[in-house]
Amino acid sequence: MSTIHVPVLQDEVVALLAAVRDGLFVDATLGLGGHASAVLAAAPGLRLIGLDRDPRALELARERLEPWSDRVCLVTRPFADLPEVLDELDEERPIAILADLGCSSLQLDSPGRGFSFLADGPLDMRMGASGPTAADLVNNAEEEELMRILWKYGEERRSRAIARAIIERRRHRPLTRTGDLVEVVLGVLGPGRRGRIHPATRTFQAIRIAVNDELGQLERFLEPAAERLAPGGRLAVISFHSLEDRIVKHTLQRLEGRCTCPPDLPVCRCGTRSLVRRLTTKPVRPSEAEMRANPRSRSARLRAAERVEDEP
Ligand SMILES: C[S@@+](CC[C@H](N)C(=O)[O-])C[C@H]1O[C@@H](n2cnc3c(N)ncnc32)[C@H](O)[C@@H]1O
């Protein structure tokens with residue numbers, strides 16, 4: 001199974017998270033359990049709660065994590081629900097939390113999940129098993145909304161023309177297959193050039209982010225996760241595009257909370273709380289060797305922070 005999804009920056013994640021003392025490790029994006037199994041193998045004192053919104057991923061992860069089954073609890077939930085999950089399970093404060101964002105290769109490479117512009121399949125793109133699909137979105141959203149999604153989440157320069165072409169196309173027949181969406185995009189952008197990214201890359205990224213509310217999930221996850229960490233606990237986040245990385249970077253900077261009072265004030269008046277200390281001021285990137293061996297790691301960026309002591 002290890003060939004289905006190759007964990008990115010695995011050694012770096014293990015070095016960061018297995019270094020903590022014993023306690024609870026939350027893998028908020030368990031996927032196929034690649035990172036989780038490596039951390040559990042390296043740190044015998046850690047127990048795992050593994051979250052994923054994809055029930056199929058959890059089934060496969062359960063098999064992979066069988067050797068540590070007495071230390072593992074798996075939950076099908078989106079990671080923005082982490083505080084509720086910890087409360088429902090009556091759990092202690094985690095000592096390590098990992099989020100390896102985006103899709104797994106299992107999702108991207110299964111045409112039946114509708115994530116890929118390279119193989120025809122139902123226009124779905126949901127990581128979980130419920131909620132509106134990509135087809136629901138492209139067949140029902142207003143033109144302005146489609147344009148906004150393509151621009152904001154895909155940074156697609158021809159967002160207006162593509163949104164208009166989607167509206168035009170669905171007037172005759174709804175888009176139901178990934179191939180339908182690819183056809184519309186190619187109709188606007190042309191076939192693309194050899195050696196360049198596929199013309200539908202940005203559109204598919206944008207629709208996927210919107211369908212799964214990926215940035216909203218991340219924004220709702222980070223601060224409560226840092227808040228819940230036990231003092232000395234570590235949060236590590238791997239992102240795969242600049243929209244995610246920007247949120248992670250700015251949130252960790254804000255949670256590090258540098259005091260903004262004038263230097264001559266004897267006591268802090270601005271009320272800034274310092275929740276974490278950043279362990280990475282620059283993101284950790286995969287080595288050349290990792291990028292060669294696993295081209296999907298190319299855009300990965302790892303940022304991490306450590307929880308400071310609770311305020312008295
Ligand atoms: C890149 S994969 C993780 C791979 C994993 N680290 C491994 O080594 O096998 C990302 C996983 O996160 C899940 N995911 C993405 N967003 C999520 C969210 N908001 N809540 C829970 N799971 C999410 C996806 O379903 C996918 O299985």
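The points below are grouped by topic.

This is a predicted model; local features need pLDDT of at least 70, side-chain atom pairs count only at pLDDT 80 or more, and totals for chains, interfaces and linings use all residues. Residue numbers start from 1 along each chain as its sequence is written. Helices (H or I, at least four residues) and strands (E, at least two) are DSSP runs, numbered from the N terminus.

**Ligand shell**

- The ligand has 21 residues around it, and P7, T29, G31, G34 and Q217 come nearest.
- A residue is near a molecule or strand if its C-beta atom, placed from the backbone, lies within 6 Å of it.
- Helix α2 (34–42) and strand β2 (46–52) each supply at least two residues of this shell.
- By class, the shell holds eight nonpolar, nine polar and four charged residues.
- Ala, Val, Leu, Ile, Met, Phe, Trp, Tyr, Cys and Pro count as nonpolar, Asp, Glu, Lys and Arg as charged, and the others, Gly among them, as polar.

**Packing of α7 and α10**

- Two packed helices are described by the angle between their axes and the distance between the axes.
- Helix α7 (residues 143–154) packs with helix α10 (residues 201–211) at an angle of about 100°, and their axes are 8 Å apart.
- Axes are lines fitted to C-alpha atoms, for helices over the stretch in contact, and angles run from 0 to 180 degrees between N-to-C directions.
- α7 and α10 are therefore roughly perpendicular to each other.
- Angles under 35 degrees count as roughly parallel, over 145 as roughly antiparallel, 65 to 115 as roughly perpendicular and the rest as oblique.
- On the α7 side, I149, L150, Y153 and G154 make the contact.
- Two residues are in contact if their C-beta atoms, placed from the backbone, lie within 7 Å.
- By class, this contact has seven nonpolar, three polar and one charged residues.

**How α10 is enclosed**

- A residue is buried if 20 or more other C-beta atoms lie within 10 Å of its own, exposed if 12 or fewer, and partly exposed in between; C-beta atoms are placed from the backbone.
- Ten of the eleven residues of α10 are buried, so α10 is largely enclosed by the rest of the structure.
- The buried residues of α10 are R202, T203, F204, Q205, A206, I207, R208, I209, A210 and V211.
- The cover over them includes α6 (134–140), α7, α8 (159–172), α9 (178–189) and α11.
- D213 sits in the loop between α10 and α11. Its phi is near 45°, a positive value in a residue other than glycine.
- D213 is partly exposed, with 14 other C-beta atoms within 10 Å.

**Nonpolar cores**

- A nonpolar core is a set of buried Ala, Val, Leu, Ile, Met, Phe, Trp, Tyr and Cys residues joined through C-beta atoms within 7 Å.
- The largest core has 53 residues, and L17, F25, A28, L235 and A236 have the most contacts inside it.
- Helix α11 (residues 214–228) gives the largest share of this core, five residues.
- A second, separate core has 28 residues, including C103, A200, F204 and I207.
- Leaving out residues up to four places away in sequence, A28 touches L51, F79, L82, I97, L98, A99 and F221.

- L60 lies in helix α3 (residues 55–64). It counts as buried, with 20 C-beta neighbours inside 10 Å.
- E66 is in the loop between α3 and β3 (72–76). It counts as exposed, with 11 C-beta neighbours inside 10 Å.
- The C-alpha atoms of E66 and S37 are 9.5 Å apart, although 29 residues separate them along the chain.
- T76 belongs to strand β3. It is partly exposed, with 17 other C-beta atoms within 10 Å.
- Not counting residues up to four places away in sequence, T76 touches D52, R53, P55 and L58.
- D90 lies in the loop between α4 (82–88) and β4 (96–100). Its phi is positive, near 55°, in a residue other than glycine.
- D90 is exposed, with 6 other C-beta atoms within 10 Å.

**A230**

- A230 is in the loop between α11 and β5 (234–239). It counts as partly exposed, with 17 C-beta neighbours inside 10 Å.
- A230 touches G23, R93, P94, I95 and R307, again not counting residues up to four places away in sequence.
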